[in-house]
Each structure stands twice: as C-alpha cells, then as structure tokens.
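The points below are meant for a colleague who is meeting this structure for the first time. Please read them with the sequence and the model side by side.

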Amino acid sequence: MIILGIETSCDETAAAVVADGRRILSNVVASQVDLHARYGGVFPELASRAHIEAIVPVIREAMAQARVAWEDLTALAVTVGPGLVGSLLVGVNVAKGLALGRGLPLVPVNHLEAHLYANWLESTDEGAAPPDLSFPLLVLIVSGGHTELVLMRGHGDYLYLGGTLDDAAGEAFDKVGRLLGLPYPGGPSIERAAQSGNPAHFRLPRAWLEGTYDFSFSGLKTAVARLVQGQEIPPRFIPDLAAAFQEAVVDVLVTKTVAAARDYGATAILLSGGVSANRALRAAMRERSGVPVYYPPPILCTDNAAMVAACGYFRYQAGARAGWDLDVSPDLRLI
Ligand code: KG4
Ligand code: ZN
C-alpha cells in the first residue's frame, strides 16, 4: 500500500511517498528557515506564499524520487491541523485537487499524530523503534507549538495525560535562543552552544507542578531574560547559560515522562517532534527511563511528510476518508 503524504502546516513544504506505513520511498522537504530567520520566527503571510511557490515542485520531486506512478498510489494523506491557517490551506487544497483529478481517496491527518508516527518509519539509526511495538506506549510530543504527554493504548487510541500551560518546549528554546543572540531556530543553536558550556554556572528554576503531568516553561524563559537584561552577561558565559537552560528543560521533560511511563505501565517511551532531535534530551531519557526509549532520526523529528504518510496509512486502514468539503483545522488537538 503506497501513500503520498503532504505537509504544509508551518514553515516546511513537504511531500513524501511511503510504502506500508513504514518504508520511505522518498521524503522531500523545502525549508523556509532562511526566509523567516531575519524575523526571528515564522512570518505567517510569507509562509503561505512560499508554500504556494514550492508545493507543486516538491510533490513532483517526491513522486520522481520514489519512482512511482500516480496509478501506483493507494491514497493521499494531508495535514489538516494544527498549524497556521494560510499554510494549511495550501496543502489541503492541493491535496483535494490531486485526489479529485487522480481519483484517489484522501485521508485527513492530525499533525501531532503524524509526529508520533515518525517512530513507525523504518530507520537504522540508533534509537529507532522496532516494528513490533506493544501497547500501551508513553509518547512525549515536544515541538515548536506543542509539549504533550500522551498514553497510546492502540493505533488512534489516546489518553491525554498533560501538556504545557504556557510556552511549548521548542518555543522556549527559540525565545531563549533569541535572548542569547543565537541564530534562529533557537533549539539547534542552543544545543550547539551548550556543548562547550558548564550548566552549573547558573541556577535556573524548574516548574514541577506537582501532582500533574503538566509543564510550564515561561518562568524559566523569564529567569533567563532577567539574567541577560539585568546585567551584562559577558559573551563567554553564553554557552554556560545555554547549557543551564537546556539542562532545566530536559530535567523537567524527563522526570515527568518517566513518572508517567511508570504510573501507566507503558512498555516503552516514544519521543517525537522537533525538540526530540535534542541529544541531551535523548541521552537523559535513555539513562533515567527504566523502559526502552525510541526516537526518530533527527530529519524525521522536525516537520516532514513521511510521518504524514505513515500516519495516513494507519488512518486509512481505520477507514478515515475526507469529503470534498474538507477544511483546515488550525486549532486541532490530538484528543
Ligand atoms: O516539529 P517541528 O519541526 O515544528 C513544529 O511542529 O513545531 O519543531 C520545531 C521546533 C523549534 O522550536 C526548534 O527550535 C526545535 O523544534 N528544535 C530543537 C532542536 N531541533 C529543533 N530543540 C532543541 N534541540 C534541538 N536539537
Ligand atoms: Zn511539527
């Protein structure tokens, strides 16, 4: 069963062809990072225009690289939300046009669920999940827009355990990156700077929100802002501050995820979303988990369409089909 996935929820225009929900035949991502870098964040109007320009060549490239014909496809899968309305509209409308023109079924995909299904894609990287995962699984979704702990009881069967009350983890990385004068996006920049830093040099707060599986990162961000703005932090302390910030985020994410996995008897922990590319997070989770920890290779952690096609495969099997009235859902939740 071969599915073409399309993803345009934020600032990556992506198309991918995946066989049987697991084998990647092609995975094309046109990033707009350079376009948005000078604004220090995603500029929605520019994002949708860039999607319009890139979407057709990106889909053509995905089909060419996969060496499949349109007749070989079983279905199309497209991200309908959550995300930026103008960006989502580009992918959804192109997918509807293609489905109508090629006579293919169209499967609507939730971007958060797609991130989680990146773990089902075949990979030989360290940390890759085996094909025969058994439920229940504890999933940590950490991206630029979301920080959520979810118990996965089966395909499409989720129990929401907790999430951020303010900033998403990736958002905190991006904001702190900007405060420290590091290049956008802040996540990878902070990880790089932290490598040469000593986290013990600064004491930063952790919001534990005892008795819940919820998170809060805005206090941590404010603490960094006070340090940077109140006194001149000499440039040589930037790596230390980056390391202390990263350590604080990782500490809270790992502690809560491991506790939830234990409390719910999860057989394994799955990481997903852009922040799960962070090596400090991966290492700390593995060290403290008590159960196996799996995560996609970095290229499949950040936004891509292979994960949309993988998720689409399981949704297709469950009977999910979009009608011609399919609309975008910018505020869609996983549960
Ligand atoms: O999943 P994603 O590509 O887009 C969303 O759906 O939000 O995640 C992007 C987020 C950004 O906030 C970025 O700074 C963060 O993931 N990120 C990282 C790393 N790589 C990307 N955060 C920490 N460490 C990284 N290595
Ligand atoms: Zn994402």
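1. Among contacts in the protein chain (heavy atoms within 4.5 Å) between residues at least 6 apart in sequence, 74% join residues that are at least 24 apart. This is a predicted model, in which local features need pLDDT of at least 70 and side-chain atom pairs count only at pLDDT 80 or more, while totals for chains, interfaces and linings use all residues. Residues are numbered from 1 along each chain as its sequence is written, chains are lettered from A and ligands numbered from 1 in the order in which they are written, and side-chain values use heavy atoms, with hydrogens and water left out.

2. On overall form, the radius of gyration of the protein chain, taken over C-alpha atoms, is 20 Å, which agrees with the value near 20 Å for a compact globule of 335 residues under the rule of 2.2 Å times the number of residues to the power 0.38. The C-alpha trace spans about 60 × 45 × 35 Å along its principal axes.

3. The protein chain has eleven helices and ten strands, where helices (H or I, at least four residues) and strands (E, at least two) are DSSP runs numbered from the N terminus. Five of the strands form an open sheet of mixed pairing in the order β3-β2-β1-β4-β5, with two strands counted as paired if DSSP finds at least two bridges between them. In this sheet β3 and β5 (106-110) stand at the edges with a single partner strand each, so one side of each has no neighbour in the sheet. The twist from one strand to the next averages 20°, with axes being lines fitted to C-alpha atoms, for helices over the stretch in contact, and angles running from 0 to 180 degrees between N-to-C directions.

4. Within that sheet, β1 (residues 2-7) runs antiparallel to β2 and is joined to β2 by six bridges, with L4 standing opposite V17. Helix α2 (residues 44-66) packs on the sheet, touching β1, β2 and β3, and its direction makes about 20° with that of β2. Helix α3 (residues 85-102), for its part, lies across β1, β4 (75-81) and β5, running at about 155° to β4.

5. Strands β2 (residues 12-19) and β3 (residues 23-31) pair in the antiparallel sense over eight bridges, and A14 has V29 as its bridge partner. Three residues lie between the strands of this hairpin, where D20 takes a positive phi near 55°; at 38% relative accessibility, D20 counts as partly exposed. R67 also has a phi near 55°, a positive value in a residue other than glycine, and is placed in the loop between α2 and β4. At 77% relative accessibility, R67 counts as exposed.

6. A further five strands form an open sheet in the order β8-β7-β6-β9-β10, again with mixed pairing, and the edge strands β8 (157-163) and β10 (293-294) each pair on one side only. Strand β7 (residues 147-154) pairs with β8 in the antiparallel sense over six bridges, and M152 has Y158 in β8 as its bridge partner. Helix α8 (residues 238-263) lies across β6 (137-142), β7, β8 and β9 (268-272), at about 155° to β6.

7. Two cis peptide bonds deserve a look. One joins F135 and P136, with omega about 0°, and P136 is found in the loop between α4 (111-117) and β6. Another joins Y184 and P185, with omega about -5°, and P185 is found in the loop between α5 (169-179) and α6 (186-194).

8. The structure holds nine aromatic pairs, for which rings of Phe, Tyr and Trp (its six-membered ring) must have centres within 6.5 Å; planes under 30 degrees apart count as stacked, over 60 as edge-to-face and the rest as tilted. Among them, Y117 and W120 form a tilted pair, 4.9 Å centre to centre with 45° between the planes. The rings of Y313 and F314 have centres 5.1 Å apart and planes at 90°, so this pair is edge-to-face. Y117 and W120 are buried, as are Y313 and F314, and these four residues form one aromatic cluster.

9. Charges also sit over rings, which requires NZ of Lys or CZ of Arg within 6 Å of the ring centre and within 35 degrees of the ring normal. The charged end of R321 sits over the ring of Y316, 3.8 Å from its centre, and R333 lies over the face of Y160, at 5.4 Å from the ring centre.

Notes. Buried < 20%, exposed > 50% of the residue type's maximum accessible area, 1.4 Å probe, protein only.
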